[in-house]
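User: Please take a close look at the metal site in this model. I would like the details of the site and its surroundings in one connected account.

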Amino acid sequence: MEQPKTLGEFVIEKQHEFPYSTGELSSLLNSIRLAAKIVNHYVNKAGLVDILGSTGTNNAHAEEQQKLDVLANKLFINSLINREIACGIASEEEEDFISISGMKKDNQNKYVVLIDPLDGSSNIDVNVSVGTIFSIYRRISPVGTPVTLEDFLQPGINQVAAGYIIYGTSTMLVYTTGHGVNGFTLNPAIGTFYLSHPNMKFPDKGKIYSINEGNYVHFPLGVKKFIKYCQEEEDDRPYTSRYIGSLVSDFHRNLIKGGVYLYPQTAKHPNGKLRLLYECNPMAFLAEQAGGKASDGKRRILEIKPQKLHQRVPFYVGNKEMVNLIEQMIQIYD
Ligand code: AHG
Ligand code: MN
Ligand code: MN
């Protein structure tokens, strides 16, 4: 039997897709791969050691932090700082960005990394899939100087790479460098990711919609109309409703089976809940690379110029046709 390719082999093989590549991006992806394995190790034994539950503190968004949020954040940040392969990091769990090039004067690296270290926190204690999301940009400011806020506030279209890790029934790492989307499954016995889902694409037709319908009364009218459309008995409808409550897991299922994820504005989150830099941009990059679409209801997510690190936006992502229909309904009714 032919042995599938490992993630490490794949990353090296694809290095030539970047003209003048120095291997820096490959090292960076390798370090994310390592951090993912360590986080996976903790997530897997979460019920056995004292890492379930809340820390009793809040994060940069005044949201309750779970112990695993804090741990995953630390693990990813330490792994990137120790290996010195990025010049800066911004994390959903940190108020400000971290300047590695400001700490270590000889840092000559050109990439900044943005992470949602643990996505789907509310699922940790109930043994439901969670994830990690990452996004990589080339810095704008000169190499060798401390990174600046501008290095992080780039439109998603500038992303060099993005991906997620899903800690599910199996653990997978899915990523893109702008040449399609590839998925790798961890063989836990050996500790190696193998290429299991080459060139991932949304199926032509989506039949799943994923939204927290508890917030229904506050949704824009266009979104309410779209939900009703999904529920109508006509043609191949009603569609199936599936909502896990961790973007990574909902997106992953919809990518494989065909569907759309929606997080509109609500009473509690008038600008939407999801963060443009740590969640929406990387997922939008993956979606487009897989033949799908991502929108805030009116604009292409990847073209939004971020104003601040922790900016939130309404988010609609998945099969192109479904996102188009949501945009049309918002345009007609709102
Ligand atoms: P995080 O755990 O990183 O804060 O993200 C949670 C996000 C997203 O992953 C998920 O789809 C959504 O919040 C769920 O929100 P509701 O509980 O409001 O549905
Ligand atoms: Mn998240
Ligand atoms: Mn998170």
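Analyst: Aspartate 116 bridges two manganese ions, ligand 3 and ligand 2, which lie 3.7 Å apart. This is a predicted model: local features need pLDDT of at least 70, side-chain atom pairs count only at pLDDT 80 or more, and totals for chains, interfaces and linings use all residues. Residues are numbered from 1 along each chain as its sequence is written, chains are lettered from A and ligands numbered from 1 in the order in which they are written, and side-chain values use heavy atoms, with hydrogens and water left out.

Take the manganese ion (ligand 3). Its donors are Glu92 (OE), Asp116 (OD) and Leu118 (O), at 2.2 to 2.4 Å. Donors here are N, O and S atoms within 2.8 Å of the metal (3.2 Å for Na, K and Ca); water is not among the atoms, so sites may look incomplete. Along the chain the spacing is E-x23-D-x1-L. Glutamate 92 sits in the loop between strand E3 (88–91) and strand E4 (98–99), while aspartate 116 belongs to strand E5 (residues 111–119); the two are 24 residues apart. Strands (E, at least two residues) and helices (H or I, at least four) are DSSP runs, numbered from the N terminus.

Now the manganese ion (ligand 2). Asp116 (OD), Asp119 (OD) and Glu279 (OE) are its protein donors, lying 1.9 to 2.2 Å from it. Their sequence spacing is D-x2-D-x159-E.

How buried are these residues? Glutamate 92 has a relative accessible area of 5% and is buried. Aspartate 116 is buried too, at 0%. Aspartate 119 is also buried. Buried means under 20% relative accessible area, exposed over 50%, partly exposed in between (1.4 Å probe, protein chains only).

Next, the domains. An automatic or database domain assignment supplies the bounds: domain 1 (7–197) and domain 2 (208–333). Their C-alpha centres lie 23 Å apart. The contact (heavy atoms within 4.5 Å) takes 52 residues from domain 1 and 33 residues from domain 2. Together the domains bury about 2900 Å², 65% of it on carbon and sulfur atoms. That area is the accessible area (1.4 Å probe) that two parts lose on being put together, summed over both.

The count between the domains is one salt bridge. A salt bridge is a side-chain nitrogen of Lys or Arg within 4 Å of a carboxyl oxygen of Asp or Glu.
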